[in-house]
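I opened this model to look up its aromatic ring pairs and its sheet. My entries follow.

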Amino acid sequence: MLRVDIITIFPDYFSEVFDYGIIRRACAAGLVSIQPHDLRSWTSDKHHVVDDRPFGGGDGMVLKPEPIFAAVESLAGARRRENIAATKRVVLLSPQGKRLTQSIASDFAKSEQLILICGRYEGVDERVADALVTDEISIGDYVLSGGEPAALVVVDATVRLIPGALGSETSVTTESFSEASNGSLDYPHYTRPPEFEGMRVPEVLLTGHHGEIARWRRDAAEEKTKRNRPDLLKKE
Ligand code: SAM
């Protein structure tokens, strides 16, 4: 069972998002448990302050280190990266992190505990990245207003890779970025009707010739990868 703890100043953000499809089923099957936590519950002052002005000046506020270190200590049993068990990952969501990939998500799916720290405002005191987290992860080259949507993306990408989470409706072995597809994109999919507003499904898919269909899919996947993600083809 993978335990996911999300540290956020907006725990209610997650109140329904995990109640659908694969994630809901994985929770019900006991493959994963997901718990949002209010960062303010690890403050000790009367007003539950979690942010402060940046040293050196500049706009905005920065999330303070103390409540975040306290939260990770209570959830993971350690307050320094080197003392965190190898089966646990402490992830800071940040546009300055490594870009999330299928391979990173697959790694996360093998862990016992995933602690996700959601930033807000100008970000999180850098000592969290320096000394506490095992992974600083970005979901793409754009800036969100908070780490919550990024945490949701990480949880979704990870949970569907837990063995048994997908059932038979889809297979992780043949989809985009998988080893079987050589790290490139999935082939195009079609369903009924065979003709829609003058657009016909490629004839080969209607023939029942498995060999030819497999060849067409390989070529179509390569063509789509060249068109949309040539960077994937340059990889070793
Ligand atoms: N000042 C930061 C910068 O320019 O890199 C941006 C901070 S952003 C407004 C606030 C929070 O949103 C971040 O601390 C992070 O948790 C989250 N966030 C924003 N963009 C993200 C991304 N691409 N991936 C993951 N988290 C992101």
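I started with Trp 216, which counts as partly exposed because its relative accessibility is 22% (buried is under 20% relative accessible area, exposed over 50%, partly exposed in between, with a 1.4 Å probe and protein chains only). The model is predicted: local features need pLDDT of at least 70, side-chain atom pairs pLDDT 80 or more, while totals for chains, interfaces and linings use all residues. Residues are numbered from 1 along each chain as its sequence is written, and side-chain values use heavy atoms, without hydrogens and water.

I then looked up the ring pairs, where rings of Phe, Tyr and Trp (its six-membered ring) pair if their centres lie within 6.5 Å; planes under 30 degrees apart are stacked, over 60 edge-to-face, the rest tilted. I found 3 aromatic pairs by this rule. Tyr 13 and Phe 14 are edge-to-face, because their centres are 5.1 Å apart and their planes at 70°. Phe 14 is buried at 3%, whereas Tyr 13 is partly exposed at 36%. Tyr 190 and Trp 216 have centres 6.4 Å apart and planes at 55°, so I logged the pair as tilted. Tyr 190 is partly exposed at 45%. I also noted that Tyr 13, Phe 14 and Phe 18 form one aromatic cluster.

Last, I checked the sheet, taking strands (E, at least two residues) as DSSP runs, numbered from the N terminus, like helices (H or I, at least four). Two strands pair if DSSP finds at least two bridges between them. The sheet is open, with 5 strands in the order 2-1-6-5-7 and parallel pairing. Its edge strands are strand 2 (32-38) and strand 7 (135-138).
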